[in-house]
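Here is a short report on a protein model. Look at the fold first, then read on.

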Amino acid sequence: MTPEQLQTAVLTFIASARLKAVGGLTVAEFGSLVVEVIRLAVAGLDTITTLDGPGKKSWALACVGTLFDAVADSCVPLLAKPIWWVVRPAVRTLVLSAAGGALEQILTLTRAAAPEPTA
């Protein structure tokens, strides 16, 4: 997979997540979307050799940040919106920190599930 193909795949995923978020999302649904975008990024980034490990991690976390910016607001009920706008930056930081930890675990699981290369 080329970097352009991966970027297109991630943007397509985020566009479909926006469609799912139109009617609102639960926190669990948002968490599921975060895990899926990390899996997509990990699977694609494993095939790209032009980035090193920290660069790949930064790219994957940027995908999570883009997803957060696109759909997180739909998880918040209307009555809580005034509070949300105050705490949103801190929640975004928390989500990115949690995603950074989850990334390591998902990387291990994704690589374990990958088929063995044949000689």
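Ile83, Val86 and Val87 make a nonpolar surface patch of about 290 Å². Such a patch joins nonpolar side chains (Val, Leu, Ile, Met, Phe, Trp, Tyr) within 5 Å, from residues with over 30% relative accessible area and no salt bridge. Areas come from the Shrake-Rupley method with a 1.4 Å probe. Valine 87 lies in helix 4 and is partly exposed at 34%. Buried means under 20% relative accessible area, exposed over 50%, partly exposed in between. Helices are DSSP runs (H or I, at least four residues), numbered from the N terminus.

This is a predicted model, so local features need pLDDT of at least 70 and side-chain atom pairs count only at pLDDT 80 or more, while totals for chains, interfaces and linings use all residues. Residues are numbered from 1 along each chain, and side-chain values use heavy atoms, without hydrogens and water.

The whole structure holds five salt bridges. Each has a side-chain nitrogen of Lys or Arg within 4 Å of a carboxyl oxygen of Asp or Glu. Three of them are among these:

| Pair | N to O distance |
|---|---|
| Arginine 39, glutamate 36 | 3.3 Å |
| Lysine 57, glutamate 104 | 3.7 Å |
| Aspartate 73, arginine 88 | 2.9 Å |

Aspartate 73 sits in the loop between helix 3 and helix 4, and arginine 88 in helix 4, so their pair ties together parts 15 residues apart in sequence. Arginine 88 is buried at 16%. A network of salt bridges links Asp69, Asp73, Arg88 and Arg92. Arginine 39 and glutamate 36 both lie in helix 2, three residues apart. Arginine 39 is partly exposed at 41%.

Notes
Patch = residues over 30% accessible without salt bridge, like charges linked within 9 Å, V, L, I, M, F, W, Y side chains within 5 Å. Helix = DSSP H or I, 4+ residues; strand = E, 2+ residues; numbered from the N terminus. Buried < 20%, exposed > 50% of the residue type's maximum accessible area, 1.4 Å probe, protein only.
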